[in-house]
Amino acid sequence: MKKTLSIFFLLLNALLSISQCDLTLQGKVIDHHDRQPLEFATIFIKESGKGAITDSLGYYVISGLCPGTYTITCVHIGCDSISELITITADQTKNFYPEHHLHELGLVNIVSEKVPEKTVQPSYEMKGRELDEQRGESLGQALKTITGVNTIQTGGNVSKPVIHGMHSNRILILNNGIRQEGQQWGSEHAPEIDPFIANKLTVIKGANSVRYGSDAIAGVILVEPNKLRDSAGVGAEVNLVGMSNGRSGTASAMLEQNFKKIPALSWRLQGTLKQSGATHTPTYYLKNTGMKEYNFSAAAGWKKEKYGAEIFYSQFNTTLGIFAGAHIGNVSDLYDAINRTEPLEKGEFTYSIDRPYQHIEHELFKAKAFVLTGKAGKLNIIYARQYNLRNEFSKDKPLNDSLAALNKPELQFEITSHSADLTWEHNYIKHFTGMIGVSGMTQGNTYSGRYFIPNYRNYSGGIYWIEKYSRNKFQLEAGIRYDYRWLRIYKYEGKVIVSPIYNYENVSGTLTAVYKASKKVSFNFNAGSAWRPPAVNELYSDGIHHGSATFEIGDKTLKPEKAYNFIAGMNYHSEKLHAEVELYHNIIDDYINLQPQIPATVTIHGSFPTFVYTQSDATFTGLDAQLSYYIIPQLLITGKASVLRAFNKTTNDWLIQMPSDRFSGEITYNFKKAKKISESYITLNAEYTNKQWRVPANSDYLSPPKAYTLINLEMGTTVHLGTQTITIGIGCNNLLNTSYRNYMNRFRYYSDEMGRNITLRLKIPINYSPKTKSTEK
């Protein structure tokens, strides 16, 4: 295979004309704190081996570059090094702002434009090629390649991230710095976020309530767009994705600009269109599983040395077909469907979406500003408004004057959220840096149609303080937070409106330590507490949960969850070997769990499996591990393992609906750079998912499915056409077209998972920078 692929890439290279490797990268290296130019800083390009050293004015110039994507590293004595991926298609200006450690420089009275918000807690960043390989997937599917992260699915179209066995309201998702607020309590309510917005996805594992507020029991996911352009010129990027399973097509484009005559002003526009038809397993089509999606966003910013402001608006819109075989008329057919190897209803390929289906809209508006507070630090203020609309159309047959006949939803949710955050970040004071902040949110939810959850309004607020100590090989971060939440319910009991009020409050804390034993080895430990008041659906749900095709019953006496989280890890990194191992243990008092209850519930809309919210004390103990080794400079092998044991201490038995053990291994070969081709590679991956043996006996409508192994293939290259680059990726998931069922899929009762799926991806970056005169120094 290696010889065949080598010949393929060499032939492709021979067909292309000689590259124009005459591009220039230039810019300045400026101190992050006092804005002074830094002399003798080193700028190095990993892929080409070229570099430069800044002069007395902080300038550097690197010439003779081919178009392409490069890893640029900036290093200066006494500073943290900076590494960034930069796509170069024309002459480009790039400035770097390294941060000095003040205790090493012995400086005082330094003004900081921005204190880093990076946490020392265990985290993983997905960016560059790894993120490109997931383009076209949902946010949940993209993140499942990270150790310790899984997904809970409802069919093939809906997936939500799971961290250490927990999901939904136990994971906070920050979309461009704003806490995502919608109907996220539902396991089949996927995050209403366009992944193409993100230039980087970050998963922070462990309790994070101090920084981000209640609910961050399992962790936080940061969806981070690229910063607005800070050098004069126009940039653009086009992404095209096609997939064989569902015959889906996705097109996403971005356009941005920074003005040479108004360097403080930048703007960006972005949009995505996506459509897919009915997906298929290895042996049959899944009826009514098509989807449509259209999203867009816009941003503009004004940034000066001592102050700045930015606004952002995004809109997400999707229509999702719900697998028809999960909505069943009577009890005997329901149990028959659960025990069959194939669904009662099978279809053919079509792009049409029929009942049952959902239509979801989500809007986010954000405004933020910062100002330097003299020489002490920086003040940030953020306001955001979010609006979420969810329409659910049932499978009912159209009757005269019925909602189905009028094509109106049987259930509609609308939720509007307003939030504000005020933080003050202080500069280094004798090895310390930190922040203090207050946050608040108001939220109102209404529904129309059949009952599932009531109308409600809540108000919440918090105040927190975080400090980080850094010295030599040791880092320590500690924080404390107080939160208060007020919740009022509005619902009918008979013909009378009742409006009970709930008050919740809690104090959370965190402590994280990192010790760098050497340049290759580091150790980390995190201990934190977090909490989560019960969501409205857990308290008051009583009806059909449309997307998951279940009947759910809440308990209004539920108490808040309180979690105590411990993580210990080791990281080893050398030229050939990289290893990460993390052990975690979570103790959750009053853990709220959705338990199956037999028999099924019969309604006028059909028969559905019954689930009831219960509460117990629980523990989550597990291991995440990853090992990568370069056999030769171009050949990389990687192994990953995720192991979880979730135990119900109240019943002295296992918890249900928990991810089973997962192991994967892959081998990647990176081809050498040619005249017209670069960054060429091929990856073969094998992923084994064990059967979930650890479940209470007779606790579910269907026993966990058997173990399975999936083989996946991915390859890609970047082609240089003059000054233009095109990145091409081809992937195949489930290469052997294996039939299997996933225990974490709510529709495993009725159908197999998707079969083989071949993906073609194209990324076309475009960049124009005005020529900079050599005398402009």
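Reader: What distance separates the centres of domain 1 and domain 2?

Author: The centres, taken over C-alpha atoms, are separated by 34 Å. Domain 1 covers 2-93 and domain 2 covers 123-768, with bounds from an automatic or database domain assignment. This is a predicted model, where local features need pLDDT of at least 70, side-chain atom pairs count only at pLDDT 80 or more, and totals for chains, interfaces and linings use all residues. Residues are numbered from 1 along each chain as its sequence is written, and side-chain values use heavy atoms, with hydrogens and water left out.

Reader: Thanks! In what order do the three strands of the open sheet run?

Author: The order is 9-10-11, with antiparallel pairing. Strands here are DSSP runs of E with at least two residues, numbered from the N terminus, and two of them pair if DSSP finds at least two bridges between them. Strand 9 (149-154) and strand 11 (166-167) are the edge strands, each pairing on one side only.

Reader: And how many bridges join strand 10 and strand 11?

Author: Two bridges, in the antiparallel sense, with strand 10 spanning residues 158-163. Val162 has His167 in strand 11 as its bridge partner.

Reader: On to rings. How many aromatic pairs are there?

Author: The count is 20. Rings of Phe, Tyr and Trp (its six-membered ring) pair if their centres lie within 6.5 Å; planes under 30 degrees apart are stacked, over 60 edge-to-face, and the rest tilted. Phe296 and Tyr313 make a tilted pair, 6.1 Å centre to centre with 45° between the planes.

Reader: Why does that pair tie together separate parts of the sequence?

Author: Because Phe296 lies in strand 19 (residues 291-303) and Tyr313 in strand 20 (residues 307-321), the pair links parts that are 17 residues apart in sequence. Phe296 is partly exposed at 36% relative accessibility, and Tyr313 is partly exposed at 25%. Buried means under 20% relative accessible area, exposed over 50%, and partly exposed in between (1.4 Å probe, protein chains only).

Reader: What about Tyr669 and Phe671, buried or exposed?

Author: Both are buried. Their ring centres are 4.9 Å apart and the planes are at 80°, so the pair is edge-to-face.

Reader: Which charged end sits over the ring of Phe611?

Author: That of Arg746, 5.1 Å from the ring centre. The rule asks for NZ of Lys or CZ of Arg within 6 Å of the ring centre and within 35 degrees of the ring normal. Phe611 also belongs to a cluster linked by ring pairs, whose members include Phe323, Tyr335 and Tyr701.

How values were computed
Helices (H or I, at least four residues) and strands (E, at least two) are DSSP runs, numbered from the N terminus.
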